[in-house]
Amino acid sequence: MSGLEIIFIGLAVLTGGSGLLAVTSPRVVHCALWLVVCLGSLAGVYLVLGAEIVALVQLLVYVGAVVVLVIFALMLTRAPIEASRRLDAGPGQRGAAALAGIGLAVVLAGTLIYAFADSTVDLQADRGSAEKVGVAVFGGWLLPFELLSVLLLAALIAALAISRPRVER
Amino acid sequence: MIESAALLTIVLPTVAAVLGLVMGGRSRPWAGDWAVLGSLGALIAAVLELVQVLRQAPVTSIGFLGRAELGTFSIGLDLRADQLSASIAVAVGLVAFCVQVYSTAYLSGTGTPEAPTRYPAYAATVSLFTAAMMLVIHSADLVLLLIGWEAMGLASYLLVGHHSERASARAAAMKAFLVTRIGDLGVLLAVVVLLADARTTSIAQLTAAATSGELGHATLLTAGLLLLAGVAGKSAQFPLHTWLPDAMEGPTPVSALIHAATMVAAGVFLVARLLPLYLAVPGALQVAAVIAAISMVGAALAAIAQDDLKRLLAYSTISQVAYMLAGVAVSSGPDGSGPGIFHLLSHAAFKALLFLTAGCVIHLVGSTMLADMGGLLRTHRALAVLFGIGLAGLAGVPPLGGFWSKEAVLTAAEEAAHAGSWTGWVVLLTGLGTSLLTGIYAGRAWSIVALGSAAKALPAHGDAETEEPHETLAPGQDAALHATGPEHQHRLPAAMMLPLYLLAVPTLGFGLVLIDPPELLGAVHVDLVTGVTGAMLSLAGLGWALSAPRLGAPDIAIALPVGARAMLRDGFRVDAVQHALIVRPALGLARGVKSADWGVIDAYVRAIPPTLRVGGNLLRRAQTGLATAYAAWLVIGAVVIAIAGVGLS
Amino acid sequence: MIHLIGPAVLASALAGIGVYGLLARRNAVLVLIGAELLLNAANLLLVTAAALPAGGLAAMPGPGAAPPTEIADPLLSGQVMAIFVITIAAAEIGVALAIILLLFRARQTADLTEVGELGEASPIGVARAAAEQPSGGPS
C-alpha cells in the first residue's frame with residue numbers, strides 16, 4: 001500500500017462521513033457545512049488522482065459558489081437554525097430511502113469492483129495540469145465548451161427572470 | 001348499313017338513358033321524350049337491320065369497343081348482326097317502344113311522398129335495360145355478351161325494386177338479383193372454361209371449333225351445363241325460377257319488358273346462339289330438355305291456382321319460356337333453333353300485350369288480385385277483347401301467332417321423337433299436356449276478368465266530356481284513389497291504349513311469317529296431326545275453363561281440392577324447399593361468421609378501452625404530485641436501465 | 001501506484017448517500033444537496049476513469065505485470081467532462097434555487113410535501129378540492 005493510497009483512504013473516509021452527515025443532520029446549517037467538508041475533501045481525492053485542475057475548479061465552483069448559494073437559499077427560505085424534525089420525511093420513507101440508497105450503492109459498487117478488479121495505475125504528476133487540460137478544452141472540446149457558456153448564460157438569465165419579484169401593473 | 005344499324009340499336013337506348021337522366025332530372029316531359037325517342041330509334045334501327053340482313057349475308061364482326069388485351073388473351077369486343085340477332089332486336093325494340101309509351105301514362109304524376117313514381121330514373125333504367133339486351137343479342141364475343149348480361153341483371157334489380165318504399169319490392173329485387181346471380185356465376189365460369197381450352201371467346205370461333213371437334217368433350221359438357229345454369233337463372237327455369245313470380249312487385253310495364261323480350265328471352269337466345277356447342281354434347285341438351293319439361297308442366301299447374309293476375313302471368317311466362325327452351329333443346333341440326341326462336345318472337349308479342357293489358361286492368365281496379373276483378377267485358381269492351389287476344393295467343397288458338405309457334409315446337413319435338421330421341425318424347429308429351437293446362441289457365445283468367453262479376457264493381461264507363469284529366473298513380477296507390485270516390489272516370493289514356501293495339505297486330509298475324517319464312521325460321525313447319533292435337537287440347541282447356549261461370553263460379557280453380565290448390569298457388573313450395581335447403585344454412589353460416597367476428601376478432605378491439613381505463617386509473621395513482629416520489633421513480637428508472645445495460649453488454 | 005477500486009467504491013457510496021438525501025428529505029434545499037452529492041459521485045467516477053490508460057479497462061494488463069505509463073488520450077475526456085459537469089451543476093443549482101425562492105415567496109414554505117397540487121390523486125389535492133367544493137359552488 002503506497003502513501004498515496006493511505007492519503008486517499010483518509011480523504012475517502014472524510015468524504016463519505018461528511019456526505020452522510022450532510023444528508024442526515026437535523027440542522028440545516030450543519031448540513032450545508034458538512035457539504036463543504038465533503039466537497040472539499042473530494043477535491044483532495046481529485047488531487048490524489050492527479051486531476052489538479054479539476055480539484056481547483058471543484059474548490060472554486062462547488063465549495064466557493066454553490067455552497068454559498070445553498071446557504072443563501074436556506075437563509076432566504078427562513079429555514080430553522082435549530083434542529084428540526086420537519087426537514088426529514090417520516091420514518092417509513094426514510095427507511096425506504098435508505099434501502100434505495102444502500103441498494104444503489106451496492107449495485108454500483110458491485111459492478112465497479114467487478115469491472116476494475118485490482119487494476120492499478122501509475123499516476124503522473126502533470127496529467128491534470130492546467131496546460132494540458134487547457135489545450136484539451138480549447139482544442140478538441142472547443143465547441144461543447146462554447147455551448148456550455150451559452151447554457152450558463154441561459155441559466156443565469158432564467159434564474160434572474162424566475163426569482164425577480166413580479167411587478168404588478 | 002347493317003353495321004350502323006346494329007350499333008344504333010345499342011347506342012340509341014344508352015344515349016337516351018344518359019340524356020334522360022341528365023336532362024330529365026325533375027322535369028318529366030324531357031325524360032319521357034328521351035326514353036320514347038330512344039326506344040323508337042332502336043326499333044327503327046332494328047327494323048332496318050332486319051331488312052338488310054334478310055337480303056344480305058350476316059356480318060360477323062362489327063368493331064364496337066376495340067380489343068381487350070388480357071395478358072395472353074386478346075378479346076375482340078365486337079358485334080355481329082345476323083337474322084337471329086336482328087329478329088330478336090326487332091322484338092326487343094317493339095316491346096321496349098310500347099312499354100316506354102305506355103309508361104309515360106302509367107307512371108305519370110309524381111305519386112305521393114310515400115310512393116313517388118321517380119319517372120325519370122325509371123325511364124332511364126328501362127332504356128338501359130333495352131340497351132343491355134341489345135348488347136347481349138348483338139355480341140360476337142362471350143365476354144361482351146357477359147357484360148350485357150350483367151348490365152341486364154343490374155337493370156332488372158333496379159326495376160323490380162322500383163317501388164323501394166315497399167319492403168316486399170326490396171325483397172323481390174334482392175331475390176331476383178341473388179337467384180339470377182347464381183346462374184350468372186355459371187355463365188362466368190363457362191366463359192373461363194371455354195377460354196382455357198379454346199383460347200378464345202369469340203362465338204364464331206368457338207362454334208367453329210366445336211363443330212370441327214377441336215374442343216374436348218369434357219370442356220364442352222362442363223361449359224354447356226354451366227351455361228345452362230345461367231340460362232335457367234335468366235330465363236326463370238326450374239330450379240332457379242322462383243324469382244320471377246316475386247318480381248311482380250315491379251311496375252307492370254317492367255314485367256312486360258322482362259317477360260316479353262328482354263330478360264327471360266336472353267337465356268333461350270344464349271342456347272340458340274351457342275347451339276353448335278350444344279349439338280356437340282347431347283347430354284347438355286338433354287338436361288336442358290328435362291329442365292324445360294319440368295318448368296313447362298310445373299309452372300302451368302301453378303298458374304292454374306294463382307289468385308293474383310300478375311303472378312298467373314308470371315307462371316305462364318315460365319311455362320312458355322320452357323316451350324322455347326324445349327324447342328331449341330330437341331333440335332338436331334345447326335338450324336334447329338328455329339321453332340324455339342319462332343316461339344320466342346310470337347311470345348314476345350302476346351306476352352307484352354297481356355302484361356300491358358293486365359296493367360290497364362290493375363290500373364282500373366287498383367288491385368292485382370283476381371278476386372277484385374270481373375266484368376271487364378261490360379265496362380271496357382275494347383280492353384277485354386285485347387286481353388282475350390293475348391290469352392288466345394297464349395293458349396295457342398288457331399290461327400293466332402301463338403298457335404303456329406307452339407305447334408312448331410311440338411312438331412319439332414315429334415320429329416325428334418320419331419328420330420329416336422327420348423327427350424323428344426318427353427317434350428312432346430309434356431308439351432301436349434301443357435297445352436291443355438295453358439288453355440285452362442288462360443280461359444280461367446278471361447273468365448274471371450272479363451266475364452265474372454267483381455267483388456268490387458268497376459265504375460261505369462261514360463261522361464267522357466265532364467271528366468277531369470285522369471291522374472294515374474303507381475298500382476299500389478290506386479286503391480286509395482278509387483276509395484276517394486267513383487266520380488273519377490276510368491277512361492284510359494291513349495298512351496296506354498295505343499301500344500296495346502300495336503302489339504295486337506303481331507299477336508294476331510305472326511303466323512303469316514311462315515308463308516315466306518326467312519332462313520332463320522327455315523326449319524319451322526307445323527305437322528298437321530300435331531297441330532290439330534295441340535289446338536284441340538288448348539281449346540278443350542279453354543272451353544272447360546270458360547264454362548265455369550255457367551256452373552256457378554267464374555273461377556275454375558275452386559274445383560281443385562283445397563290442399564292441392566294451396567300447394568299449386570305456392571308454386572309447389574319450391575321456395576320453402578329452397579329456403580330450408582339453401583337460405584337457412586347460409587343464414588346460419590352468416591350468423592356463425594358474425595358471432596365469430598364479434599366474439600373473437602372484435603373482442604380484442606373492444607377490450608382496448610376497458611384496458612386503457614383500468615391502466616389509466618392505475619397510472620393515475622402514480623401522479624402523486626410529490627417531487628420526492630418523482631425523484632424516486634427517476635432513480636428506479638436509472639437503476640433499471642443501468643442493470644439492463646450491464647446485463648445486455 | 002494506486003488501486004482504482006478505492007475511488008470506484010467511494011463513488012458508489014456517494015451515489016447511495018445522494019439517493020438517500022434525495023428521497024428522505026422534505027426541505028427542497030436539502031433535497032438539492034442530495035442531488036449535488038449524486039453529481040459528485042459521477043464526477044469522481046469520471047476522474048477515476050481518466051486515470052486509466054488508453055483503451056480503458058480493456059487495455060489493463062494482467063495482475064503482476066507492470067502498469068502502463070503512456071497516456072494516449074490527448075483530449076483528457078474524463079477530466080474535461082468532470083469540469084463540464086461542475087459547470088452544468090452550477091447552472092442547475094442556480095436555476096433550482098431560484099425556483100425554490102419563487103416557491104417560498106408564493107407558499108411561505110420550502111417543504112415539498114406541501115406543494116402536491118399537481119398530483120392527480122394526492123391527499124393534498126383531494127383534501128383541497130373537498131375544502132373548495134362547498135364554497136366554490138357550481139361556477
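## Model and numbering

This is a predicted model: local features need pLDDT of at least 70, side-chain atom pairs count only at pLDDT 80 or more, and totals for chains, interfaces and linings use all residues. Residues are numbered from 1 along each chain as its sequence is written, while chains are lettered from A and ligands numbered from 1 in the order in which they are written.

## Chains A and C

Chain A holds six helices and one strand. Helices (H or I, at least four residues) and strands (E, at least two) are DSSP runs, numbered from the N terminus. The order in chain A, from the N terminus, is α-α-α-α-β-α-α. Chain A has 169 residues, and 34% of them are buried. Buried means that 20 or more other C-beta atoms, placed from the backbone, lie within 10 Å of the residue's own. Of the chain A contacts with a separation of 6 or more, 62% join residues 24 or more positions apart. A contact requires C-beta atoms, placed from the backbone, within 7 Å.

Chain C has four helices and one strand. Its pattern along the sequence is β-α-α-α-α. Of its 139 residues, 49% are buried. Contacts between residues at least 24 apart make up 52% of those at least 6 apart in chain C.

## Where A meets C

The contact draws 79 residues from chain A and 70 residues from chain C. On the chain C side, S1 (2-3), H1 (5-24), H2 (28-50) and H3 (77-107) each give at least two residues. H3(C) gives the largest share, 20 residues. This side of chain C has 53 nonpolar, 13 polar and four charged residues. Ala, Val, Leu, Ile, Met, Phe, Trp, Tyr, Cys and Pro count as nonpolar, Asp, Glu, Lys and Arg as charged, and the others, Gly among them, as polar.

A strand pair also links the chains. S1 of chain A (residues 120-121) runs antiparallel to S1(C), joined by two bridges. Pairing takes at least two DSSP bridges. A:Thr120 has C:His3 as its bridge partner.

## A helix pair in chain B

The axes of H6(B) (residues 167-198) and H8(B) (residues 217-234) come within 7 Å and cross at roughly 155°. The two helices are therefore roughly antiparallel, a term for angles over 145 degrees.

Residues of H6(B) in the contact include B:Val179, B:Gly183 and B:Leu194. Those of H8(B) include B:Thr219, B:Leu226 and B:Lys234. The contact residues divide into twelve nonpolar, seven polar and three charged.

Conventions:
Axes are lines fitted to C-alpha atoms, for helices over the stretch in contact, and angles run from 0 to 180 degrees between N-to-C directions. Angles under 35 degrees count as roughly parallel, over 145 as roughly antiparallel, 65 to 115 as roughly perpendicular and the rest as oblique. Two residues are in contact if their C-beta atoms, placed from the backbone, lie within 7 Å. A residue is buried if 20 or more other C-beta atoms lie within 10 Å of its own, exposed if 12 or fewer, and partly exposed in between; C-beta atoms are placed from the backbone.
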